[in-house]
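User: Hi! Could you show me the model and walk me through its annotated binding site?

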Amino acid sequence: MSSLLVDNIGELVTNVPGTGDGSPLGLRRDAAVLVEEERVAWVGPARYAPAADRRIDAGGAAALPGFVDSHAHLVFAGDRAAEFAARMAGQPYTGGGIRTTVGATRAASDDTLRTTVRRLVGEAMRQGTTTIEIKSGYGLTVADEARSLRIAAEVSDETTFLGAHVVPTEYADRPDDYVGLVCGPMLAAAAPYARWVDVFCERGAFDADHARAILTVGQAAGLGVRLHANQLGPGPGVRLGVELGAASVDHCTHLDDADVAALAGSAAADGSGTTTVATLLPGAEFSTRSPYPDARRLLDAGVTVALATDCNPGSSYTSSMPFCVALAVREMRMTPAEAVWAATAGGARALRRTDVGVLRPGARADLTVLDAPSYLHLAYRPGVPLIRQVLHNGVPQCRS
């Protein structure tokens, strides 16, 4: 059995409460991590580290679990830079540009889509992301949604059927017929490649009745529930997600007291947080000049919060979790510790995973070494390439 020791870690974020400094980050100083067969085998003080076949010297730098990006749209073709420029000149974001990407994606070859997905996954990995969820939603035909998920499944176990992204142009006057297509042949074709089902429950997309119908049918097909909710304005999405036991409701930009109470009321019986996670996507607010979600309000209410990139060609074309951490601290009233937890353990909660976003024996050996002495630098030095080394399943992926 081959083993790898990462030692001389000056500051290690484990996300194991009650260890290290006792904080939710479970900080350890002068630490080491032993990896065997793609899993963490041991974590502890460097001076007590077991022998290993190979060694990586972290040089006193900080290390943390690989980022878990629980919301991304990577299967697409085309470019919407002109739309971004128009928004920066004052045009509001409505979500209507999705149909532009749908046309380009339908016209693209499998190889073109595959190249884009792999490029973005590699780009994210170089910035410390070792788990990434990938949605469909830019095909909106039976064949195109199925192929989008098939391509996504080549690089990620976390794939989400988002046939209900928008109503495509050819169904503009027949939304009920499109929902029937999504619930029937499209879901049947997509489900073999998907773990989750999602709906864009917003004005101009799908209302609560349509969202409920699609998510309920998806659940019956064995898919977990996720939901785009309350991004463009107040609406029923958050409460619908909690009612259906969604793993995550995403965006959560416009919340009223009842929304926050519903999320807080989904508390897990073991006291580990809420069963429905509020996944916040500050890259979208940055790219659309929209109000940022109030993470502080959610955290103070006891809601579990995750951070994700929402990487997509229209409203958040970033694959950088460090950038989202910095935005969350600066714009959403999160502390650096809360933001780092949300980008790692929080993302894992949003995917209902216990093997990622944490560094403890048995977890997947996903580790990011920073070119910095502390995780604080992720917010303290925004825009600086701080990722020195990434291990995914215990295998070094990239090194600066």
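Analyst: Happy to. A residue is called buried under 20% relative accessible area, exposed over 50% and partly exposed in between, with a 1.4 Å probe and protein chains only. This is a predicted model, where local features need pLDDT of at least 70, side-chain atom pairs count only at pLDDT 80 or more, and totals for chains, interfaces and linings use all residues. Residues are numbered from 1 along each chain as its sequence is written, and side-chain values use heavy atoms, leaving out hydrogens and water.

User: Is His 73 buried or exposed?

Analyst: His 73 sits in the loop between β6 (67-69) and α1 (81-88). Its relative accessibility is 3%, so His 73 counts as buried.

User: Which residues does UniProt list for "binding site", and why do they gather at one spot?

Analyst: The entry is unreviewed, and annotations may be inferred rather than shown by experiment. The listed residues span 240 residues in sequence, yet no two of their C-alpha atoms are more than 12.3 Å apart, so they gather at one spot. The names in the record are His 71, His 73, His 228 and Asp 310.

User: Which side chain makes a polar contact with the side chain of His 228?

Analyst: His 228 belongs to strand β11 (residues 224-229), and at 2% relative accessibility it counts as buried. A polar contact is a pair of N or O atoms within 3.5 Å; within protein, one must be able to donate a hydrogen and the other to accept it, and residues adjacent in sequence count only if both atoms are side-chain atoms. At 3.0 Å, the partner is the side chain of Asp 198.

Technical notes. Helices (H or I, at least four residues) and strands (E, at least two) are DSSP runs, numbered from the N terminus.
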